[in-house]
Structures are given as C-alpha cells and as structure tokens.
Amino acid sequence: MTTTTTLVHRAYTGPAEWWRDGLVYEIPSPNLGAEELDRMDAVLEHVASLGFGAILIRPSRIAADSGMASFHHFTERAHERGMRVIVRVSGALGPVTSTYAREDNPIFVGREQVQDGLVDRAASFLAAGADGVDLGTIVPPEVWDESDLERLSEYFAVVHSLLAEYVPEGTLGADVSASYPEALLHHVQDDWLHHLRDDRLMLSSWDPTSLTSAITTSLAEHDSFGASPVWRYLPSYRLAEALGTGDGRRWFDGISPVELHRRSLALQTLVLALPGSVYLRQGDEVGLLDADKPADPLALADVVNEQAGFQGSQFASPLATVRHAIYVRHEHNLAAAPFAFVKGLEWCPRDVLVVLTRDVLVLVNASPRSLILPEHAEVLLSSGALDQEGGSLIVPPSTTAWINAATVA
C-alpha cells in the first residue's frame, strides 16, 4: 500500500500577531452584568490554568454610557493574568443561523434591545479596556430580509476604525454559516475579520471524507484571502436537536447520549490540533453536555470548577486532555504548522482520519472498530482512555489520539 501525504495548508511564517494562534474561552451566557463580572475571579483563574490567552464575554446588561467600572475592573484582572478580553456586541448577532433560531435565544438582549447601538457599545467597551469585538453569528439575507450585507460591511469598517483608535492589535470576529456560501464568501472577501468562524465541522457527518472536506474547504477559503484560520467547536446539543435529520447525515444524528459524548470529545481534540485560532465554550473542557449546563453563568462556573477538581488528576479525562493538548499545541507551534492529510498507512484502516501537523500525527477513529497502534507508538494524548493488548495500545471507536509521528513512521 502506498502512503500519500496531501498538504492542504502551508506553515505560517509571517508576523506573530496574538490573534493568529489565539485560544479563546467563550462564556456562553448572553446576560452578563456587573454582579457577574465582579464575581468571576475563579473563572479567570481557571481559564488561565488551561493556557487560554483570551476570554470572550457578552456583557449585555452593562450600559454603554455608564456602569463601565465593573467591566474595566474585569479587564484589569484578566490582563493581570495574561489574558485578553473580547466583547460580544449584538447587531449582526443572531442565534444559530437559519430556521434553527429559537425564541429563547434572542438576537438582542439586555441593554442591546433599545438603549445602545452597536457602534456606541463597541466604542465604550474598547475604551474601557476590551481587546476585541465579536458580532456573534451573522444572519444572512436568505434567512432575514433585514440583513443587508453591504450595510453590515459599513459597520465592520467603523469597528475597524475604533480598533485602530483604542487598541491597534485588537480583533474583530463573527460566526458565519457554510449553509449560505454567498454570504460566507462576501465576509471572507470583503470584510477583513481577524476571526471569521464557520460551522462546517458542525455540519459534517461522522466519516473521514466529510471531515476532510470540511477542514480542507475552510482552510482554502481563508488561505485564498490571506485570512487566519479560526475554528469554533460547536457541540451544542440543543442545537443538534434542531439540526438533526435522523438519518445520520450529521455526526450527532441518531446516536446514543454516550456515543454523542464520545464523538464530541473526539472532535474537540481534533480541533485543538488545527492551524490558526480555536474557540471553546465554557464547560466543554470538562465534557459537560449542554443539558447539564446551568443557564446562570456563576452557577455554571461552580459546576465547571467542581468537575475540574475531579478531573484534574485523571488521565485522559476531558480536562486533562484539553490541558495537555494546549501544552503540546504551544510546544510544537501547531497553530502555525503545515497541515496535511495522510492516507495509506499499513496499520491504519481507511475509515480512520489521519492528519499530520508538523511532527504530530492525529488519528480520529471514526470507524466502528478499534485501531491497534504500532508497538512503539508514543501517544501524546487522547480524547478518551485507550485499551492495551500485548505491547500495543488500542484506540477505541470515536476516539482521537495524538501520536509522535517519528514513532510510527
């Protein structure tokens, strides 16, 4: 069998701006106010311990013309821990793009509803110490006829001007849906966003061909316009319920909760090996399902800290895997590494996704069978516990493993 390595993304050798390899921890609550921000020291400590360099929040209950003292204090505490603060400001933001929008996840919340406009809020947060602005999910014209892409581009230009004024190394980010390619292309080509995330992995099925296509296409679109790759892992099980077709077309379709959990952890571990920047939501690092996440941000923080206490010393626990993946990612500079797909390894079945990023071989076992690794394979980390048979380690189905490539060459 001939082994082939297909390079789909070249190593980045340009200026090392922080947002090109940023790891962003996203607080999912849309309703943060002064009380929540004042009580987030434990959250900041946890995020810093993971190795994340930025935290994304949506302080919708903070007024743009007053009440910035709590936000300013929050940014100071984050900066003291070496983290940047990105603020989500609604305006383009919607729930999940298209017909999956829910009434309990409104476009505008808190002070965003009537009092403060997008530009005023962005300027106020940047003046108070924010390092970036995020617009959340952009709703395309096909879904909402009031969505004007040209008008939105004008807003982007204004926010870029604000960044230049307040924080020249600041970022502008948003989510787009690959279900609407014309809108996605418009934002990639005409709106220079530092972090433009798409949902291709969320829309993929559980097989190497689909995952390969999603990653390759997203990288190609960003690379063609010189944009930095950026990924937002979206194992949203409430979302999955709406998106699911029941016929296995999506990776979360028609499977048990246990299998859903295994696949989500496997995908999360794959995402942490991808080039560029990565966003993870609060609770995903300890493997919490959305159904088990309290809506209150402080209650969620307590649950995450409790789980982190249990998982911190457990080998192959979700938390241990994320922490070690971030360590290896930094040590091997995977964010700026060349990225390739590998096929034809004698010991590896075709229905296992194999990627090579610098000197790390990443295996995603999407097959229904266990994968026996070569005898001397050095496993750097895995999304779940590995089995052992004789002198070889075994990667169970729906598990991702990172391997020192030199030990299996």
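**Ground rules**

I am working with a predicted model, in which local features need pLDDT of at least 70, side-chain atom pairs count only at pLDDT 80 or more, and totals for chains, interfaces and linings use all residues. Residues are numbered from 1 along each chain as its sequence is written, and side-chain values use heavy atoms, with hydrogens and water left out.

**Entry 1: the sheet**

I began with the strand order. I found an open sheet of six strands, β1-β11-β12-β13-β18-β15, with antiparallel pairing. Helices (H or I, at least four residues) and strands (E, at least two) are DSSP runs, numbered from the N terminus. Two strands pair if DSSP finds at least two bridges between them. Which strands stand at the edges? They are β1 (4-9) and β15 (379-382). Each has a single partner strand, so one side of each lacks a neighbour in the sheet. I noted an average twist of 25 degrees from one strand to the next.

**Entry 2: strand β13**

Next I looked at β13 (residues 360-365) and its pairing with β12 (residues 352-357). The two run antiparallel and share six bridges. I looked up two partners: Val360 is bridged to Thr357, and Leu363 to Val354. β12 and β13 form a hairpin with two residues between them. In that turn, Arg358 has a positive phi of about 55 degrees.

I then checked β18. It pairs with β13 in the antiparallel sense, also over six bridges. Val364 stands opposite Thr400 in β18.

Is β13 buried or exposed? Six of its six residues are buried, so β13 is largely enclosed by the rest of the structure. Buried means under 20% relative accessible area, exposed over 50%, partly exposed in between (1.4 Å probe, protein chains only). In a regular strand the side chains alternate between the two faces of the sheet. Here Val360, Val362 and Val364 point one way, while Leu361, Leu363 and Asn365 point the other.

**Entry 3: helices on the sheet**

I followed helix α9 (residues 257-271) across β12, β13, β15 and β18 (399-404). It runs at about 30 degrees to β18. Helix α11 (residues 318-331) also packs on the sheet, touching β13, β15 and β18. Its direction makes about 135 degrees with that of β15. Axes are lines fitted to C-alpha atoms, for helices over the stretch in contact, and angles run from 0 to 180 degrees between N-to-C directions. Contact means heavy atoms within 4.5 Å.

**Entry 4: α5 and α6**

I turned to helix α5 (residues 149-166) and helix α6 (residues 181-190). They pack at an angle of about 30 degrees, with axes 11 Å apart. That makes α5 roughly parallel to α6. Angles under 35 degrees count as roughly parallel, over 145 as roughly antiparallel, 65 to 115 as roughly perpendicular and the rest as oblique. Leu149, Glu150, Leu152, Ser153 and Phe156 in α5 meet Ala183, His186 and His187 in α6.

**Entry 5: α2 and α10**

Last, I checked helix α2 (residues 41-50) against helix α10 (residues 297-311). Their axes come within 10 Å and cross at roughly 40 degrees. The two are therefore oblique to each other. α2 contributes Ala42, Val43 and His46 to the contact, and α10 contributes Ala301, Val304, Asn305 and Ala308.
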